[in-house]
Amino acid sequence: MTTTELPEKLHEIVEDFRAVPDPERLELLLEFSEELPALPERYAGHQDQMEQVIECQTPLFLAVELENAAPDAGPTAESIVRLFVSAPPEAPTSRGFASVLSQSLNGLPAAEVLAVPEDLSTRLGLQKALTPLRLRGMSAMLGRIKRNISDQLADQLAG
C-alpha cells in the first residue's frame, strides 16, 4: 500500500510528517499528543473495560467498537470503527501516536482499518526520533486495533 492508498485522513497526516525535517517530527508527534480525544463517560475511569497495550512502556488502554447502520445487525467489514484510547499525559509519544490513530482511523469502515499497513511508524518517518522500543509499542497499538476488529468480525461469523 503506497501513501496514496492510505485512508485520506491518514494519508494527510503521513504527508504532514514527511513535510518536516527529521528533528521536527518528534515535535509534531508531541503536538498530536495534545489532541487525543477525551474518553466518553462509559470508559472514563473504567480502564478495566478496555484492553491494555502491554507492549507500550506506559499504561495505554484502548477499546474498539464496531458500529452498524442497523442497530440489530452484527459487525461487518463495512461497520464503522469507533476507537477510544487512554494514555497518560506524561507519555506524550505514546499519546501522540494514539492521537494519530484516533484521528485517522476513527469513523472508517472496518475493512479500511484492516488494510492499513503495519509499517505506519516508518511511513511517518519516526525511526530517527524514537527508540526501537517505542516504535514497537506504536506498532503494537495498531496491531491490537486490527486484531480487535478481526476478532469482532470473526465472532459475528461464528455466531
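Keep in mind that the model is predicted. Strand 3 is largely enclosed by the rest of the structure, and helix 2 meets helix 3 at an angle of about 70°.

**The strands**
- Strand 2 covers residues 61-67 and runs antiparallel to strand 3, with seven bridges joining the two.
- Strand 3 takes in residues 80-86, and five of its seven residues are buried, so the rest of the structure largely encloses it.
- Here's a handy rule: side chains in a regular strand alternate between the two faces of the sheet.

**Asn148**
- You'll find Asn148 in helix 6, which spans residues 132-158.
- Asn148 has a relative accessible area of 14%, and because buried means under 20%, Asn148 counts as buried.
- Leaving out residues up to four places away in sequence, Asn148 touches Glu51 and Val64.
- With Glu51 there's also a polar contact, side chain to side chain, at 3.4 Å.

**Helix 2 against helix 3**
- Helix 2 (residues 22-33) packs against helix 3 (residues 92-105) with the axes 7 Å apart and an angle of about 70°.
- That angle makes helix 2 roughly perpendicular to helix 3.
- Sorted by class, this contact has seven nonpolar, five polar and one charged residues.
- On the helix 2 side, look for Leu26, Leu29, Leu30, Phe32 and Ser33.
- On the helix 3 side, the residues they meet include Pro92, Arg95, Phe97 and Val100.

How values were computed
Residues numbered from 1 in each chain as written. Predicted model: local features only at pLDDT ≥ 70, side-chain atom pairs only at ≥ 80, totals over all residues. Heavy atoms only, no water. Buried < 20%, exposed > 50% of the residue type's maximum accessible area, 1.4 Å probe, protein only. Helix = DSSP H or I, 4+ residues; strand = E, 2+ residues; numbered from the N terminus. Pairing = 2+ DSSP bridges. Polar contact = N/O pair within 3.5 Å; in protein donor to acceptor, adjacent residues only side chain to side chain. Contact = heavy atoms within 4.5 Å. Axes fitted to C-alpha atoms, helices over the stretch in contact; angles between N-to-C directions. Parallel < 35°, antiparallel > 145°, perpendicular 65-115°, else oblique. Nonpolar A, V, L, I, M, F, W, Y, C, P; charged D, E, K, R; others polar.
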